[in-house]
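Let's take a walk through a protein model together. Have the sequence and the 3D view open, and follow along as we go.

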Amino acid sequence: MTHMPLTHLSEDEAIFRDAVASFAKSAIAPKVHAMDKAQQLDQELIKQCFEMGLMGIEVPEEYGGAGSSIMTAILAIEALATVDPSVSVFVDVQNTLVNNAILRWANEELKQKYFPKMCSEWVGSYALSESGSGSDAFALSTRAIDRGDHWEINGSKLWITNGAEANLYIVFANIDPDAGYRGITAFLVERDFEGFSVGKKEDKLGIRASSTVELLFEKCKVPKENVLGEVGKGYKVAIETLNEGRIGIGAQMVGLAQGALDAALEYIQEREQFGKSIASFQGVQFQYAQMATEIEAARLMVYNAARLKDAGLPFVKESAMAKLYSSQVAERVSSKALELFGGVGFTTEYPAEKFFRDAKIGAIYEGTSNMQLQTIAKMLVR
């Protein structure tokens with residue numbers, strides 16, 4: 001086989017990436033500021049994401065998806081994040097968490113039932129976290145009881161991305177607390193199931209247009225056939241899905257950092273002080289050269305993790321490293337970019353402050369930086 005450079009894209013990948021990038025610039029960019037202020041995604045944009053084929057990238061064509069790869073999904077997530085990390089994570093969760101889990105764990109009936117909707121109109125959400133279980137992901141207090149002809153779920157979930165827009169939720173609940181993590185089971189819960197409701201929406205520092213909500217289950221009725229994977233094997237669904245999800249967050253952070261640098265480069269080439277553009281001062285040159293170098297390193301890590309996953313090779317350590325490092329780079333680069341804008345960078349008139357706010361979540365969601373370090377350490381001493 002011929003070995004291609006990591007950043008070399010196939011013709012299909014390049015065409016798709018460019019299409020997403022131009023969609024982001026033309027359709028998303030004009031709405032970024034308003035969506036951030038309103039703390040919600042534009043309904044028309046959500047529709048366009050489906051029309052663009054962004055919501056079922058890895059779903060096989062027979063179910064209405066694009067039948068493509070994680071690498072293709074990563075390229076879309078990265079391109080969107082250069083313009084708006086909120087839209088990026090909206091698309092990311094749909095692809096790398098929800099669709100991915102259904103693809104891997106659902107039986108044929110569930111795939112045929114849900115995939116056509118997920119690719120055309122339904123938004124998906126992934127509900128694992130609770131107030132008492134964040135990094136300790138399996139300390140779940142949400143319970144599922146076997147009622148003979150259906151499952152009954154009771155409890156609540158917190159910090160759930162896409163929760164306000166979603167029609168389908170992958171919900172993790174414990175059917176047997178005495179069995180510990182071996183009681184955890186994944187369920188596919190539709191928005192209009194009896195006993196299910198969406199609770200309060202969080203008011204956040206960054207990615208404000210992306211919804212983060214509480215979910216409530218009060219004797220929520222779930223059909224027997226809506227168990228995802230096997231009863232008691234939900235912990236595997238959770239772990240393995242999040243392993244792939246981290247590559248998506250890595251791509252979001254790389255795109256964010258690139259967007260912040262691009263905006264800063266444009267500004268500093270126009271802004272003049274002491275009779276010349278500030279981009280021509282060596283002290284400034286060294287800063288943006290360093291930023292670009294770190295972004296490139298992060299991008300290589302993310303692309304490598306995605307290529308490993310697509311090749312069916314082990315990628316868990318690499319995805320943890322990519323997520324950890326890219327979130328660090330996004331924080332550093334967005335902070336430095338803001339400074340390069342000077343005083344105007346501190347205002348909402350320019351994009352720097354929003355990239356800066358949006359970057360912080362990268363070190364927290366889908367596994368904090370400390371949890372990534374723990375994963376990496378465990379794999380190093382094995």
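How much area is buried between domain 2 and domain 3? About 1,200 Å², and carbon and sulfur atoms give 73% of it. Buried area here is the accessible area, found with a 1.4 Å probe, that two parts lose on being put together, summed over both.

## Ground rules

This is a predicted model, so local features need pLDDT of at least 70 and side-chain atom pairs count only at pLDDT 80 or more, while totals for chains, interfaces and linings use all residues. Residues are numbered from 1 along each chain as its sequence is written, and side-chain values use heavy atoms, leaving out hydrogens and water.

The protein splits into domain 1 (11-123), domain 2 (125-232) and domain 3 (235-380), with bounds that come from an automatic or database domain assignment. Taken over C-alpha atoms, the centres of domain 2 and domain 3 are 30 Å apart. At their interface, 15 residues of domain 2 are in contact with 14 residues of domain 3, where contact means heavy atoms within 4.5 Å. On the domain 2 side, Tyr126, Leu205 and Ile207 lose the most area to domain 3, together 40% of what that side buries.

What about charges and polar groups? Three residue pairs, with both residues at pLDDT 80 or more, are in polar contact between domain 2 and domain 3. A polar contact is a pair of N or O atoms within 3.5 Å; within protein, one must be able to donate a hydrogen and the other to accept it, and residues adjacent in sequence count only if both atoms are side-chain atoms. The side of domain 2 that touches domain 3 has ten nonpolar residues, three polar and two charged. In that tally, Ala, Val, Leu, Ile, Met, Phe, Trp, Tyr, Cys and Pro are nonpolar, Asp, Glu, Lys and Arg are charged, and the others, Gly among them, are polar.

## Two residues with a positive phi

Let's zoom in on Ile207. You'll find Ile207 in the loop between strand E6 (196-201) and E7; helices (H or I, at least four residues) and strands (E, at least two) are DSSP runs, numbered from the N terminus. Ile207 has a positive phi of about 30° although it is not a glycine. Ile207 counts as buried because its relative accessible area is 4%. The cut-offs, with a 1.4 Å probe and protein chains only, are under 20% for buried, over 50% for exposed, and in between for partly exposed.

Glu366 is not a glycine either, and its phi is positive, near 55°. Look for Glu366 in the loop between helix H10 (352-359) and helix H11 (369-381). With a relative accessible area of 13%, Glu366 is buried.

Asp92 lies in helix H5 and is buried, with a relative accessible area of 0%.

Is Asn100 buried or exposed? Asn100 counts as buried because its relative accessibility is 10%. Not counting residues up to four places away in sequence, the residues that Asn100 touches are Glu58, Asn95, Thr241, Glu244 and Lys309.

Thr72 sits in helix H4 (residues 70-81) and is buried at 7% relative accessible area. The side chains of Thr72 and Ser68 make a polar contact of 2.8 Å. Leaving aside neighbours within four places in sequence, Thr72 is in contact with Glu13, Phe16 and Ile57.

Asn226 is in the loop between strand E7 (212-223) and strand E8 (227-228), buried with a relative accessible area of 0%. Which side chain does the side chain of Asn226 join in a polar contact of 2.9 Å? That of Tyr114. Last up is Lys317 in helix H9 (residues 316-340), which counts as partly exposed because its relative accessibility is 25%. Not counting residues up to four places away in sequence, Lys317 touches Ile376, Met379 and Leu380.
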